[in-house]
Amino acid sequence: MTIDLRSDTVTRPTKEMQEAMWSAPVGDDVMGDDPTVNALQDKAATLFGMEAALFCASGTMTNQLAIRVHTQPGSDVICDKLSHIYLYEGGGIMLNSFSSVKLLDGERGRINASQVTDAISPEGDIHATVSRMVSLENTMNKGGGSYYDFKEIEAIRKVCNKHRLAFHLDGARLFNALIETGESPKQYGQVFDSISICLSKGLGCPVGSLLLGSKEVITKAKRFRKVMGGGWRQAGFLAAAGIYALDNNVDRLNEDHIRARSIRDIFVHKSEVEEIYPVDTNIVIIRLAANISAPDYVRELAKSGILAVTFGKNLVRFVTHLDFTDAHLEEMRKRLL
C-alpha cells in the first residue's frame, strides 16, 4: 500500500464523479455554449454571491488572470512573502503583468491591515511603484494550512477601500478554512474583488479552478485567458466534476483535518522532529533536526511507501485528502512507530 501525502492534488475522481463527467452535456466553451461549464460558473458565482465566474485549467491561471486584470505595468501587488502567487507561479506577476511585489512578513503567512497600510506607495511618488492590489492566501500553504480571522480580512478591505486598491483572494483551499470557521462563501464574496478557488485539491476534481468576480472583471479575465492559450472546447466533462465536488465533497473536508491531526500525533513521538507547525486544516509541516537532510528523509519515507515533499530547509510537508483513508492512517502509524 502506497501512502501518497505529497499533495491533495493527487486525488482521483470517484466512480460517482466519473459518472457525472461522462454523462455531462457539452459544447464549445470558447464560444460560450458549453452548458455544463456555464452551469458550474453560475453555481459558483451564486454560492459566493458574486456576479460571474470563469472556469480555468489551474489556480495559477486564475490568480495570474486576476493580477493581470487588477494591475498595470509598473504597479505592485502587496502580499505575504510566502504567497503562492510569488513563490510558486513562475514569476508570473512580472512576466504576465509587468508588475512588482511588496512582500510582507506575516504570521504564518497571514498579513494584517497595519502591514498593508505601511506597504502602500505614497501617492505621487515618481520613484516608487504604484500600489494597485492586495492579495491574501487562505488557507496559507507555506503557513501549514493556517487561515485568517475574518475580522482581519474586513480590516484589510477597509484599507483597500481607502486607497482604491483591488482585493484578491487566492482561495485554493478556501473551503478548508470555511469548514473550520463556519463562515459562508457569501461573506467572502462581499469583501473581495476577485476570488480564486481550486477544484482539484481537497474537492477531488481531476483538474480545474474558478475565478470569481464582477462581470467586468470576468469579461476582462476571459480575454486574457484566451491570450494565455487557456481557451478550451468541450470542457463540460471537467466542469461536471466541479459541480459534483461542490455538491458532495465540501463537508467531508473535516475528515481530512482530523486525519492531519492524527499524523501530527505520530510525529510528536519522533526524535528526529524538532518542531511541528500547528495543524489547522489538512497540512502537516515538520521541522527536522539541523543534522538531518529533508531530501534524504523524504527518500527514506518513500522506501517505506510513504510519499511526502520537502518544503524548505529541514522542512517536510504532508497533505491529507479524500484518497487518504483511516486504513492508510493506521498503516502509516504501523510503519512509523
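Reader: Is R252 buried or exposed?
Author: This is a predicted model. In it, R252 is buried, because its relative accessible area is 14% and the cut-off for buried is under 20%.

Reader: Where is R252 found?
Author: R252 is in the loop between helix 11 (236–248) and helix 12 (253–267).

Reader: What does the side chain of R252 make a polar contact with?
Author: The side chain of D256, at 2.5 Å.

Reader: And leaving aside neighbours within four places in sequence, which residues is R252 in contact with?
Author: G202, R259, H321 and L322.

Reader: Switching to the backbone. Which peptide bond is cis?
Author: The one from N138 to T139 is cis, with omega near 0 degrees. T139 sits in the loop between strand 5 (130–137) and helix 7 (150–163).

Reader: Why point that out?
Author: Because most peptide bonds are trans, and most residues other than glycine have a negative phi.

Reader: Is F98 buried or exposed?
Author: Exposed, with a relative accessible area of 57%.

Reader: What about phi of N314?
Author: Phi of N314 is positive too, near 65 degrees. N314 is in the loop between strand 12 (309–310) and strand 13 (315–319).

Reader: Buried or exposed, that N314?
Author: N314 is buried, at 12% relative accessible area.

Definitions and conventions:
Residues numbered from 1 in each chain as written. Predicted model: local features only at pLDDT ≥ 70, side-chain atom pairs only at ≥ 80, totals over all residues. Heavy atoms only, no water. Helix = DSSP H or I, 4+ residues; strand = E, 2+ residues; numbered from the N terminus. Buried < 20%, exposed > 50% of the residue type's maximum accessible area, 1.4 Å probe, protein only. Polar contact = N/O pair within 3.5 Å; in protein donor to acceptor, adjacent residues only side chain to side chain. Contact = heavy atoms within 4.5 Å.
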